[in-house]
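Have a look at the structure first.

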Amino acid sequence: MKKDFLPIFRNDDGRMSIFLAIISVMIAIIPMTVLYFAVNNQAKITLADTLSQDLEEKSFLIKNNVERFYRQRMIDLKNLSQADVLETDNFSAITQYIQEITENSPYFVDVEIASLNGFILANSSESSDQGLSIYEHYAHLKDLIDEAFSSEQGKVIISPLTQLDSGNLGVVLMTPVTNDSNTEVIKLLLVEASLEPIKALLKELDDTEPKFRNSISLINSHGLVMASNDDSILQQQILPELSFDQKLMIKAKSGNRKVGHFRFLDGNHEQVILGFADLAHESISPNLNWTVVITAPYEKILAPAEKLATKLSLAAIAVAIIIFSLMYFASRKIMDAIWQKANFDPITKLPNRRLFSDRLAQSLQLSKRTGHSSVLIYIDLDRFKEVNDSLGHDAGDQLLIETADRIALLLHESDSISRVGGDEFSVILNEVIEPIKIDRMAESIITSLNNPFYIKGNAVFISASIGIAIYPTNGTDISTLLKSADQALYHSKNRGRNRYSFFTNEMQQLSDRRHRISNDLRIAISNGEFEVFYQPITSMAPTARFKAEALIRWHHPELGPVSPVEFIPIAEETNFISELGDWVFHETLNTIQQIQAKHKLELNISINISPIQFKSKNLLTDWLEQLNKKGLSGKNITVEITEGVLLVNDPLINNQLLQFKNAGISISLDDFGTGYSSLAYLRKLTIDTLKIDKAFIDDIKQNSNELALCKAITVMSKTLDLEVIAEGVETEEQAALLSNLGINYCQGYFYSKPLPLKKFINYLLNHPK
């Protein structure tokens, strides 16, 4: 008899379980403890780096908003100085005009007009300074006033930060008023612009939690806080712990960069993260030598993350101990769970695509033996995404479960249902003898799913698109049968959804056409089959630059004209869209270069970019290189994106859009109003132009909802300093209504259809800007 050396493993009194638990605890605790410290330390480093970069990016975005604010005020003042009334000696009319300026502008708190000898002729405030000298009123700005008097028409001078008559801090903007021929300065227009709008902007952009005490400030060259989201630090040094000269210290710590971030210890010896961005004062005014600074308390922000990491690590240790302790007893259940997960959908508990393929193979084998037909039914739920977006994924999951239950109730015991995709189901009908039963089954499924679902107290309505393929008529193997059913499903969706379609040879022909287009796209560029058409974009006010949109056209040698609606989606599916987009960009640059060189016309042409093109890391580099080679600038190009690009919220895409912006290339948001755009995205991505979708323009009439929507979009855009383009303008009535709304540009057949290059040039030469 062989001696039993391991009696503990033969004993049934529970000692084996205790032994395994002890070993499991020892195995789990040691590596998990080491892992905890490693993960916790790395998490803090990663979070700190992420936070620092975030503050730098946010300060840069705020800097852009402040610059845009002052650039727009300079444009406003330039336009105001050109009023005819200022050229007269009618002081009553002049006073009324400048009072209207302060009433209509929330940014100008006081307006004055001065004569050549410096005496104030008119003032917008109630306590008039008329008759006083501006050299006395603004004694500290004498040199700037002299410079303004000697400037050419249209130049705007901005003062350093000063205390305004209202008692608030702000700047004084001044510009000369010239005679009719712009040959002689006759007066000086001065406005006081308070920093209050900047303060409001900083508070509006503060999206941090109050307990973190993030400070968003605008500081001058000596570090004094001029505007902030925190009123308690106004007129204080933002970082008294660093040095008196804040600007020099920030420059020193960041390597003399204009945008950056760093960490330092404050007076309480607590770490603070700082992000900053200098205003581009060289292009605005040397007196706007200001910096946007954002500070955040490092430890308080990381403390919750550190606590969470501790909890997660301890939880992981506990879970590991439990798992190891129960491994011996749970092995069979684990194997069952693995098989269940590999073959069944976790939400509906139906067979998944893997088990479906196995059952379809069995069905075909059965049909071969009996000579009867097998039927494959593909079911795709219509508008399922809308349920997910509006009610949440929990509601979407519940809808899938109830859909599966309803379909299953319609099947015979020999039939099978599976969930093969997000909102896709498949049904296999075995031993089908009478074809009419297939129609009845499809109609029953559609009727059943048309009835309302009651989820979370809401009545939810969906429909189904169905594609049907029959073995052996539509395919004698699994691959062919799946392809046939998928093509029939595609046909049902294209016909309007909520219907079923049997596979036909015509569907195969459509599939073959898509396949041919996919193949021929590859050689169409080298064969010279593509052509760029240009549709003018008409300004509602005089402008120095023509605008147009580049639209690609395909002249196929055998298929004839192929619509972009047909070949662009195929180009995106096959990843050919990047090469196609590069070709359009190259041709557009050639057109701009030719027209500007030969006809001396300034052009800005919009080019549509697919979200897929942003995946190319060389997109921006290649395009800017081509611009430089052609002697063109970013002002010649506008990049058009769709709302889908915003919804992706991909940091790579967002970063490339910002780089386009930095290169002077404008960003236009196409089809605005048809998707899910957010004001946060418009602000974050610094969109320049909104294009109102044609759907809002088609039915626009006086007192219509469409007109109200267009007006709302226009008002919102002006508030955000965005330009607006109306697409699809086809009638004179539409054009008049849109012009009255203050829309900047219109585009559509009322003005011109898309034109080939020669006709486009003729259009430019024969139409005003």
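The lining of the second largest pocket draws at least two residues from each of β20 (546-556), α14 (564-573), α15, β22 (603-608), β23 (637-641) and β24 (666-672). Helices here are DSSP runs of H or I with at least four residues, strands are runs of E with at least two, and both are numbered from the N terminus. This is a predicted model, where local features need pLDDT of at least 70 and side-chain atom pairs count only at pLDDT 80 or more, while totals for chains, interfaces and linings use all residues. Residues are numbered from 1 along each chain as its sequence is written, and side-chain values use heavy atoms, with hydrogens and water left out.

Back to that pocket: 36 residues line it, and E549, L551, P564, N608 and D670 lie nearest its centre. Its volume is about 1000 Å³. By class, the lining splits into 16 nonpolar, 10 polar and 10 charged residues. (Ala, Val, Leu, Ile, Met, Phe, Trp, Tyr, Cys and Pro count as nonpolar, Asp, Glu, Lys and Arg as charged, and the others, Gly among them, as polar.) A pocket is an open set of points on a 1 Å grid over the protein atoms alone, with protein on both sides within 12 Å along at least five of seven lines; a cavity is a set where a 1.4 Å probe fits but cannot get out, and lining residues have an atom within 4 Å of a point. Grid points are joined across faces, edges and corners, and a volume is the space filled by probe spheres set on the points.

Now for the helix pairs. Axes are lines fitted to C-alpha atoms over the stretch in contact, and angles run from 0 to 180 degrees between N-to-C directions.

| Helix pair | Angle | Axes apart |
|---|---|---|
| α15 (577-599) and α16 (619-629) | about 20 degrees | 10 Å |
| α12 (478-494) and α13 (505-524) | about 90 degrees | 10 Å |
| α9 (384-391) and α10 (393-410) | about 140 degrees | 6 Å |

Angles under 35 degrees count as roughly parallel, over 145 as roughly antiparallel, 65 to 115 as roughly perpendicular and the rest as oblique. So α15 and α16 are roughly parallel, α12 is roughly perpendicular to α13, and α9 is oblique to α10.

Which residues hold the contact (heavy atoms within 4.5 Å) between α9 and α10? On the α9 side they are F384, V387, N388 and L391, and they meet H393, A395, G396, L399 and L400 of α10. That contact has six nonpolar, three polar and no charged residues.

K483, Q487, A488, Y490 and H491 of α12 touch M507, Q508, S511 and R514 of α13.

Finally, the backbone. Most residues other than glycine have a negative phi, and most peptide bonds are trans. N182, in the loop between β5 (169-178) and β6 (185-194), has a positive phi near 60 degrees. The Y471 to P472 peptide bond is cis, with omega near 5 degrees, and P472 sits in the loop between β17 (463-471) and α12.

Note on methods:
Contact = heavy atoms within 4.5 Å.
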